[in-house]
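Have the sequence and the structure at hand while reading.

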Amino acid sequence: MNGVHDMGGMHGLGPVEREPNEPVFHHDWERKVFALNLATGFIGKWNIDMGRYARELMPGPEYLTTSYYEHWLYGLELLLVEKGLITAEEMRTRRPAGPAPDGLRVLRPDDVPRRLRASRAARMDDEIPAQFKAGDEVVARTIHPMGHTRLPRYARGKRGVVDRDHGVFIYPDAHAAGLGKQPQHCYSVRFNARELWGDEASPRDAIYIDLFEPYLEPA
Amino acid sequence: MSGHHHDHDHDDVDAGPAWSDVQLRVRALESLLVDKRLVDPAALDTLIDTYETKVGPRNGARVVAKAWVDPAYKQRLLENASAAIAELGYIGRQGEDMVVLENTPKVHNMVVCTLCSCYPWPVLGLPPVWYKAAPYRSRAVIDPRGVLKEFGLRVPEDVEVRVWDSTAELRYLVLPQRPAGTEHLSEDELAELVTRDAMIGTGTVAPPAPKAKR
């Protein structure tokens, strides 16, 4: 979706503000939002692409005026209800109206190290022929899907060169929509800065973007 | 604004009435999830402790220092970063598929995630606020040299800047250049010099300050 989360190339969002000796979390509620997201995610009712998409669904004006962990909180509340772990009424009142569904794999403290270390395996073993190889000239498609996509707007319609084929991965556009993994090759594509931004950009610089095969067509 | 104590300016962003609202909202959500037995509070504490005290940029610094002193390791790191980083035990969530980018006198690499906040957790920990915030995400790709200047880095015109937008499940770690005058330092001492920003590509590694200590 063409949301405000897709920020590459936007102007007017202010200077980069750094904080010396920044703590990992600034508030206790940030710790909790982080941990609640991971813990409930491990129950397995949604995948990481659904998680990202849920945050993107936060209305743009709100997204731009709230902090990062508020985005996470928004997405979490959405998914808990959408995936049936909490009813809408429970979310509204913050009071339990009945037991949770049976048979859920609730994360225990002893499981944490193992679950964090076990790969989520976005990389797939599927042997799929690659349409492109390093050195091929490609164009990023001009598409404007309403759902989740990892093709940023600033690259659409632009011409680049495949730098490398990373291999086969879960296709996030399908995965976020609950349509399965639909494995695809993912390529690093090199775009000259001037192709993306015009003559004001340095003739020497380049942007490398990881793009799934369905985003690309031969140049 | 009870219950938290920070002196820095950034708290102002959260310090208004919205702060207590969100705090209450999260607290109520947490008790609901605990009451429904969807989360185990002890598991929450373990998760928080992991990312607050066990995982962080010191991990990445060890990878960089090893690559500086061990050419065979550096080669493995550039050829198969995930496996080479796993040799040091740094594996898992948000670091399953790693790519290491080598900075040279001719190429400066920097990493961004314009769409969200993708970041290599096992080697760098959780990202700083600026990495996740709109200014960096919007500007790193259109004005990398301007952003780097704000970080105190002036990249000469004859050096190519490569910006890597982490739009998929690959996670990037920059291998900064080893500073001159560090030939006498041990791997551990070198690791001390490596900063988080140098491994994102928004910094470089400075030689050790000439102190009388050694």
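Where is the place of V106(A)? V106(A) sits in the loop between α5 (88-93) and α6 (112-117) of chain A. Helices (H or I, at least four residues) and strands (E, at least two) are DSSP runs, numbered from the N terminus.

This is a predicted model, in which local features need pLDDT of at least 70 and side-chain atom pairs count only at pLDDT 80 or more, while totals for chains, interfaces and linings use all residues. Residues are numbered from 1 along each chain as its sequence is written, and chains are lettered from A and ligands numbered from 1 in the order in which they are written.

V106(A) has 17 C-beta neighbours inside 10 Å and so counts as partly exposed. A residue is buried if 20 or more other C-beta atoms lie within 10 Å of its own, exposed if 12 or fewer, and partly exposed in between, with C-beta atoms placed from the backbone. Leaving aside neighbours within four places in sequence, V106(A) is in contact with I43(A) and, across in the other chain, with R37(B), L38(B), V39(B) and D40(B). Two residues are in contact if their C-beta atoms, placed from the backbone, lie within 7 Å. From V106(A) to G41(A) the distance is 9.7 Å, C-alpha to C-alpha, although 65 residues separate them in sequence.

**Chain A as a whole**

Chain A contains eight helices and five strands. Read from the N terminus, its elements follow the order α-α-α-α-α-α-β-β-α-β-α-β-β. Its C-alpha atoms fill a box of roughly 60 × 45 × 35 Å along the principal axes. Of its 219 residues, 40% count as buried. Among contacts in chain A between residues at least 6 apart in sequence, 64% join residues at least 24 apart.

**Two helix pairs**

Axes are lines fitted to C-alpha atoms, for helices over the stretch in contact, and angles run from 0 to 180 degrees between N-to-C directions.

| Helix pair | Angle | Distance between axes |
|---|---|---|
| α2 (48-56) of chain A and α4 (68-82) of chain A | about 110 degrees | 8 Å |
| α1 (28-41) of chain A and α3(B) | about 110 degrees | 9 Å |

The angle makes α2(A) roughly perpendicular to α4(A). Angles under 35 degrees count as roughly parallel, over 145 as roughly antiparallel, 65 to 115 as roughly perpendicular and the rest as oblique. The crossing of α2(A) and α4(A) is right-handed; a crossing is left-handed if the near helix is turned anticlockwise from the far one by less than a right angle, and right-handed if clockwise. The residues in this contact include M50(A) and A54(A) of α2(A) and W72(A) and L78(A) of α4(A). By class, the contact has six nonpolar, three polar and one charged residue. Ala, Val, Leu, Ile, Met, Phe, Trp, Tyr, Cys and Pro count as nonpolar, Asp, Glu, Lys and Arg as charged, and the others, Gly among them, as polar.

α1(A) and α3(B) are likewise roughly perpendicular to each other, and their crossing is right-handed. On the side of α1(A) the contact is made by R31(A), K32(A), A35(A), L36(A), L38(A) and A39(A), and on the side of α3(B) by A43(B), L44(B), L47(B) and I48(B). Eight of these residues are nonpolar, none polar and two charged.

**The contact between the chains**

How many residues does the contact take from chain B and from chain A? It takes 68 residues from chain B and 71 residues from chain A. Elements that give two or more residues to the chain B side include α2 (17-35), α3 (41-54), α9 (134-142) and β3 (160-165) of chain B. That side has 34 nonpolar, 15 polar and 19 charged residues.

An open sheet of seven strands has the order β5(A)-β1(A)-β2(A)-β3(A)-β4(A)-β3(B)-β2(B), with mixed pairing. β5 (216-218) of chain A and β2 of chain B stand at the edges, each with a single partner strand, so one side of each is left without a neighbour in the sheet. The twist averages 35 degrees from one strand to the next. Two strands pair if DSSP finds at least two bridges between them.

Four bridges join β4 (206-212) of chain A to β3(B), and these strands run parallel. Here I207(A) is opposite V163(B). β3(B) is also joined to β2(B) by six bridges, again in parallel, with V111(B) opposite W164(B).

Five of the six residues of β2(B) (107-112) are buried, so this strand is largely enclosed by the rest of the structure. Helix α9(B) lies across β4 of chain A together with β2 and β3 of chain B, running at about 150 degrees to β2(B). Seven of the nine residues of α9(B) are buried, so this helix is also largely enclosed by the rest of the structure. Among them are Y136(B), R137(B) and I142(B). The buried residues of α9(B) pack against α8 (193-197) and β4 of chain A, and against β2, α8, α10 and β3 of chain B.
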